[in-house]
Amino acid sequence: MSVAVVLFTSDLRLYDQPALGAALRGADEVVPLFVRDRGVAEAGFDAPNRRAFLADCLASLDAGLRERGGRLVVRTGEVVEEVCRVVARCGATQVHVAAGVSGYAAHREERLRAALAGDRCALHVHDAVVTAVPPGRVTPAGKDHFAVFTPFLRKWEAAGVRDTGKAPRAVRVPDTVDSEPLPSRAAVAGTSPALARGGEHEARKRLRGWLANGVEAYGEGQDDLSGDATSRLSPYLHFGCLSAAETVRRAREKGGPGADAFVRQLAWREFHYQVLAARPAASWTDYRARGDRWRTDEREIAAWREGRTGYPVVDAAMRQLRHEGWMHNRGRLLTASFLAKTLYVDWRVGARHFLDLLVDGDIANNQLNWQWVAGTGTDTRPNRLLNPLTQARRFDPSGDYVRRWVPELAGLAGAAVHQPWTAPGPDRARFDYPDPVVDLAEGRARFERARGLL
Ligand SMILES: Cc1cc2nc3c(=O)[nH]c(=O)nc-3n(C[C@H](O)[C@H](O)[C@H](O)COP(=O)(O)OP(=O)(O)OC[C@H]3O[C@@H](n4cnc5c(N)ncnc54)[C@H](O)[C@@H]3O)c2cc1C
């Protein structure tokens with residue numbers, strides 16, 4: 001009886017799961033294994049929101065496997081040691097894993113290969129799992145990655161998407177391998193009160209609903225802060241509850257301007273993965289150093305984190321992040337610009353805070369978007385700065401987004417909510433809301449001086 005182990009990592013699903021499919025084709029029995037990797041916790045990447053969401057993902061995966069006669073095996077420890085332990089226990093001759101895109105994943109793969117060679121067990125690494133088009137598949141002539149999005153997009157679109165697989169009908173798991181109890185979402189302390197529910201079942205339901213009822217209007221609505229009209233699929237893509245290839249394929253089948261705009265955003269995700277795969281150090285070091293000598297003002301940084309900068313649209317977005325573990329993309333752009341440019345604080349400070357809270361917190365997309373906004377990344381206009389008042393008027397013209405998240409300003413009507421300091425004195429005395437931490441013109445001038453533009 002041949003046995004294969006499938007190590008699940010960022011691909012917590014049964015549909016379009018190449019590693020699982022190959023294991024089932026190659027062996028009589030399969031151990032679907034997830035290791036709660038101590039290395040991830042030690043790297044400071046084990047934030048409560050993602051831990052809770054992960055618990056849902058594992059529960060959903062286990063339920064799906066049980067419907068097919070199998071079950072999930074969960075272990076906690078050092079990932080390579082745990083895989084080797086399971087291999088020894090069930091006598092597996094193959095281990096299947098998805099190719100990762102981070103430096104951490106590449107290192108894990110190397111160590112696994114070396115450790116399994118001693119056990120005479122073959123390691124099979126499957127491409128195209130995290131992204132629809134594997135990082136490095138499309139490149140500019142003579143280079144290992146694209147540094148500019150538009151030419152990347154053209155080639156990425158032309159590359160097409162592989163055929164995506166269905167979920168298996170049956171999975172036979174050997175009795176010899178036992179599992180720890182599955183982690184429970186309820187046991188995780190410190191999560192955001194309105195955190196989304198994780199798992200493949202939920203992911204597929206949301207994708208269906210989005211393609212049926214949301215995507216058509218995406219082109220017009222994607223930047224509307226109060227409309228909240230984006231897919232909210234990012235955490236499901238991050239944990240691999242949804243296959244990126246299947247998502248792209250189904251959106252293309254749907255067609256139309258909204259679906260095209262949605263696929264373009266998915267391409268941004270893949271753009272950042274191909275940058276990170278080629279430049280793993282860009283997770284914490286400047287992709288393009290600008291000679292910045294960042295400021296550190298703990299009072300201002302705390303005000304930003306807490307959503308008390310005195311700029312309502314910035315504060316609304318920061319409070320949404322804390323409450324939901326998720327923030328609208330427009331909010332991410334303007335809060336990041338506010339920290340890295342207007343306050344001129346190191347982008348790493350902001351990226352760290354986002355990683356501590358975001359349920360979709362992702363090294364490639366968080367760090368490289370932060371770098372993009374800070375002007376140390378791939379933005380071709382690295383010194384542009386977003387004015388929070390202009391952003392508020394454009395993307396929250398009614399002021400409803402601010403009133404939802406900054407209730408102390410709810411009494412201010414219309415767009416007046418964006419500039420509470422202009423309210424008459426007696427009105428201002430009624431709400432407990434801080435004065436702006438910085439004058440916008442001064443912040444801009446300081447940034448432009450620092451970048452040598454003035
Ligand atoms: C400072 C900053 C930090 C960010 N950190 C993350 C992060 O940690 N994880 C993450 O997944 N995204 C991150 N993003 C990108 C983007 O904000 C989120 O993917 C998006 O808001 C998720 O909401 P949605 O699923 O409703 O997106 P939709 O608007 O419905 O877009 C569909 C999908 O496209 C992808 N996408 C959309 N915009 C981007 C983008 N700018 N870059 C990369 N992928 C994109 C996401 O996978 C998203 O789920 C960040 C953006 C900024 C500016």
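Me: In which helix is the place of Ala316?

Reply: In this predicted model, Ala316 belongs to helix H13, which covers residues 312-324.

Me: Why is Ala316 called buried?

Reply: The relative accessible area of Ala316 is 0%. Buried means under 20%, so Ala316 is buried. Ala316 touches Tyr401, Val402, Trp405 and Val406, leaving aside residues up to four places away in sequence. With Trp405, 89 residues apart along the chain, the C-alpha separation is 4.8 Å.

Me: Where does Thr309 lie, and why is Thr309 called buried?

Reply: Thr309 is in the loop between helix H12 (298-306) and H13. Its relative accessible area is 0%, and the limit for buried is under 20%; therefore Thr309 is buried. Residues that Thr309 touches include Phe338, Asp435, Pro436 and Val437.

Me: What makes the pair Thr309 and Asp315 a polar contact?

Reply: Their side chains approach to 2.7 Å. A polar contact requires N or O atoms within 3.5 Å, one able to donate a hydrogen and the other to accept it; the pair is accordingly listed as a polar contact.

Me: How many disulfides does the structure hold?

Reply: The structure holds zero disulfides. Cys90 is in none, the nearest cysteine sulfur, that of Cys121, being 8.3 Å away.

Me: What makes Cys90 and Cys121 buried?

Reply: Cys90 has 12% relative accessibility and Cys121 has a relative accessible area of 6%. Buried means under 20%, so Cys90 counts as buried, and Cys121 is buried too.

Key: Residues numbered from 1 in each chain as written. Predicted model: local features only at pLDDT ≥ 70, side-chain atom pairs only at ≥ 80, totals over all residues. Heavy atoms only, no water. Helix = DSSP H or I, 4+ residues; strand = E, 2+ residues; numbered from the N terminus. Buried < 20%, exposed > 50% of the residue type's maximum accessible area, 1.4 Å probe, protein only. Contact = heavy atoms within 4.5 Å. Disulfide = S-S within 2.5 Å.
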